[in-house]
Amino acid sequence: RLRHMRILIVGNGGREHALVWKIAQSPRVEAICVAPGSAAMSSLAEAHPEVSAGDLDAVVKLAREGSVDLVVVGPEDPLAAGLADRLRAEGIRVFGPSAAAARLEGSKAFAKDFMDRHGIPTAAHRAFSDLEEALAHVRATGGRCVVKADGLAAGKGVSMCETPEEAEQALREMMADGRFGDAGRCVVIEDWLVGEEASYYAISDGERFVTLAAAQDHKRAL
């Protein structure tokens, strides 16, 4: 077992701050650095503001030159871009899924197809890359629906649409106006489900898994 580990945490948000705070409590940790980090984390970790989380070359270089024992990746974008694969190719331990596994987070259309293939219950859905076809679909169905940008949109790429008119507006903003950039070039339109929502977390190495706590968002509160 490794002792006196040097840890690199990638990211600069609240999620990464929480990771720094908790990992710093381990007696097996000698030092923590964070890229790019933030001023708020500076009392717990050595920040590298010159290294962007999305600059895969720079992150790999920092991990290699800093003799890092483990890299913990917080944000989704670098994982979808293949940061974990790059680090593993360099022989550097990393906590984070491969680019192939990160597609479950990086593409809603891929995730929905995955659920269909494996019999995982999910809302009925269709994916569209053509705006006119998407508009025709919401007009034909005529009810409440949910419009989702296919790609990563920092948790903001979902529109709960009460009417076909609201759905049309959401589709035009995503597909024509580029509200979410490339993330909205493809959209998923799915049935509106009513009920409690929770995120249930698990960590897996591909064969075994350990479950963590559940969490609940209240984006529409107030």
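Me: Is C145 buried or exposed?
Reply: Keep in mind that this is a predicted model. Anything under 20% relative accessible area goes down as buried. C145 has a relative accessible area of 6%, so C145 is buried.

Me: And C33, is that one buried or exposed?
Reply: The cut-off for buried is again under 20% relative accessible area. C33 comes in at 6% relative accessibility, so C33 counts as buried.

Me: How far is C145 from the nearest cysteine sulfur?
Reply: A disulfide needs two cysteine sulfur atoms within 2.5 Å. C145 is in no disulfide.

Me: How many disulfides does the model have, then?
Reply: The rule asks for cysteine sulfurs within 2.5 Å of each other. By that rule, the number of disulfides is zero.

Me: Which residue in β9 stands opposite C145?
Reply: β7 covers 145-149, and β7 pairs with strand β9, residues 187-191, in the antiparallel sense over five bridges. In β9, the residue standing opposite C145 is D191.

Me: What is the strand order in the open sheet of four strands?
Reply: The pairing in this sheet is antiparallel. At the edges sit β6 (125-128) and β8, each pairing on one side only. Neighbouring strands are turned against each other by 20 degrees on average, direction ignored. Reading across, the order is β6-β9-β7-β8.

Me: Which helix packs on that sheet?
Reply: The helix in question touches β6, β7, β8 and β9. Its direction makes about 5 degrees with that of β7. It spans residues 164-176, and its name is α8.

Me: Is K156 buried or exposed?
Reply: K156 lies in the loop between β7 (145-149) and β8 (158-161). To be called exposed, a residue needs over 50% relative accessible area. K156 has 57%, so K156 is exposed.

Me: How far apart in space are K156 and L104?
Reply: Along the sequence, K156 and L104 are 52 residues apart. In space, C-alpha to C-alpha, the distance between them is 17 Å.

Notes
Residues are numbered from 1 along each chain as its sequence is written. This is a predicted model: local features need pLDDT of at least 70, side-chain atom pairs count only at pLDDT 80 or more; totals for chains, interfaces and linings use all residues. Side-chain values use heavy atoms; hydrogens and water are left out. Helices (H or I, at least four residues) and strands (E, at least two) are DSSP runs, numbered from the N terminus. Buried means under 20% relative accessible area, exposed over 50%, partly exposed in between (1.4 Å probe, protein chains only). Two strands pair if DSSP finds at least two bridges between them. Axes are lines fitted to C-alpha atoms, for helices over the stretch in contact, and angles run from 0 to 180 degrees between N-to-C directions. Contact means heavy atoms within 4.5 Å.
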